[in-house]
Amino acid sequence: MADRVDAWREKLSQTHAPVDLVCRPDSDFRAQQRVVQLGSALVWPSVMSPLTIRRTPRLIRGSDPEMIHLSLITKGTLGFRMGGPDALYGSCELRTNDSSRPFEIFMGPQGEAVEAVSVEVPRARLPLSSDELNRVIGHRMTGQEGIGALLTAFLTTLVDKPRSYTAADGPRLGTVLIDLLAAVFATALDAMNSLPAESRRRTLTLRIQAFIRDHLHDPDLTPATIAAAHHISTSHLHRLFQDHETTVSGCIRHLRLERAREQLADPARSDVPVHLVAVRVGFEHHAVFTRAFRSAYAMSPRDYRRRALLQEAGDGPAAD
């Protein structure tokens with residue numbers, strides 16, 4: 001067990017900053033980590049047995065990489081102390097700390113393993129002042145509402161579908177991550193206007209894309225309704241999408257077809273008629289859906305479903 005704890009201490013020191021670990025002698029300590037590099041940012045999903053993690057003044061004097069850490073708790077609970085009263089964090093909450101300040105983390109205080117998706121970003125990469133970061137780091141934030149929900153969706157998609165991205169996507173995804181982190185912090189400080197205009201623009205675009213995904217089922221989803229929901233003009237909305245090599249309507253159609261493709265390939269939905277799949281993703285007319293699907297994927301929805309289900313069963317070629 002001591003060897004596993006030492007190995008885990010080394011892992012945490014490499015991904016965040018040097019720390020001390022304290023584990024019960026009778027504990028069968030286990031931990032697992034996977035690291036995703038996104039430019040200068042790191043994302044690392046982990047599972048960890050109960051233990052205490054300490055970043056002490058002595059360790060800070062010895063080495064301080066000036067990293068900001070955020071954890072999205074996905075399962076279990078943990079206690080946290082950093083210059084204030086103890087706090088207990090649970091599922092879908094966002095916990096932060098700073099490598100320049102002492103802290104203690106009590107993983108699984110009830111004896112349960114803790115699962116989390118953690119983020120490491122150099123303090124200098126965040127477009128907020130040191131005073132603003134010092135005021136927000138260590139305070140409880142939610143991953144279920146507003147920008148926090150966008151960050152949760154980004155992180156969970158990133159770790160659940162790693163094959164959707166390549167190494168070349170890393171820098172772009174790192175920029176998205178830093179924008180979302182900065183927006184979460186700025187929202188907590190009620191200081192969104194302190195962010196650079198470009199960062200605010202990218203974050204607004206992410207909010208709009210999330211809104212579109214949440215409302216794909218609505219056949220009345222249009223650029224006008226999207227703009228109204230975000231209190232901007234339709235011309236402003238169209239300008240936001242100019243850098244994405246698609247129009248707003250094109251984005252809606254693409255996401256509807258992708259949602260339909262996912263549902264057609266799902267064995268649990270194999271008994272749902274194709275025309276009903278079309279309706280559920282916002283296509284009012286089955287013929288329009290079929291033409292759009294064939295144009296996008298070079299086969300009819302029925303043929304795609306048949307091929308995908310055969311592949312799932314191991315009896316056919318992969319459905320690209």
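1. Five helices each supply at least two residues to the lining of the largest pocket: α4 (146-160), α5 (170-189), α6 (197-214), α9 and α12. The largest share, 8 residues, comes from α6. The model under discussion is a predicted one.

2. How much space lies in the largest pocket? The figure is about 1,700 Å³. Its lining is made up of 43 residues. Those that lie nearest the centre of the pocket are Thr157, Tyr165, Gln209, Arg213 and Leu255.

3. Helix α12 covers residues 301-313, which is 13 residues.

4. Which residues of α12 are buried? They are Pro301, Tyr304, Arg305 and Ala308. These residues cover an arc of only 100 degrees around the axis, which puts them on the same side of α12. An α-helix has 3.6 residues a turn, so residues three or four places apart point the same way. The face of α12 turned away from the buried side carries Arg302 and Ala313, both exposed.

5. What do the buried residues of α12 pack against? Their partners are α9 (248-264), α10 (274-280) and α11 (286-297). Helices α9 and α12 also each supply at least two residues to the pocket lining mentioned in point 1. Just after α12 comes Gly314, which takes a positive phi of about 85 degrees.

6. Ile252 is a residue of helix α9. Is Ile252 buried or exposed? It counts as buried, because its relative accessibility is 4%, and the cut-off for buried is under 20%. Leaving aside residues up to four places away in sequence, Ile252 touches Ile212, Leu216, Leu221 and Ile226. The C-alpha atoms of Ile252 and Ile208 are separated by 11 Å, with the two residues 44 residues apart along the chain.

7. On cysteines, a search of the whole structure finds 0 disulfides. A disulfide is a covalent bond between the sulfur atoms of two cysteines. Two cysteines can be described by their accessibility. Cys251 counts as buried because its relative accessibility is 10%. Cys92, at 24% relative accessibility, counts as partly exposed, since that class runs between the 20% and 50% cut-offs.

Methods: Residues numbered from 1 in each chain as written. Predicted model: local features only at pLDDT ≥ 70, side-chain atom pairs only at ≥ 80, totals over all residues. Heavy atoms only, no water. Disulfide = S-S within 2.5 Å. Buried < 20%, exposed > 50% of the residue type's maximum accessible area, 1.4 Å probe, protein only. Helix = DSSP H or I, 4+ residues; strand = E, 2+ residues; numbered from the N terminus. Expected span 1.5 Å × (residues − 1). Arc of directions from axis to C-beta. Contact = heavy atoms within 4.5 Å. 1 Å grid on protein atoms, 1.4 Å probe; cavity = no way out; pocket = protein on both sides within 12 Å on 5 of 7 lines; lining within 4 Å. Points joined across faces, edges and corners; volume = space filled by probe spheres on them.
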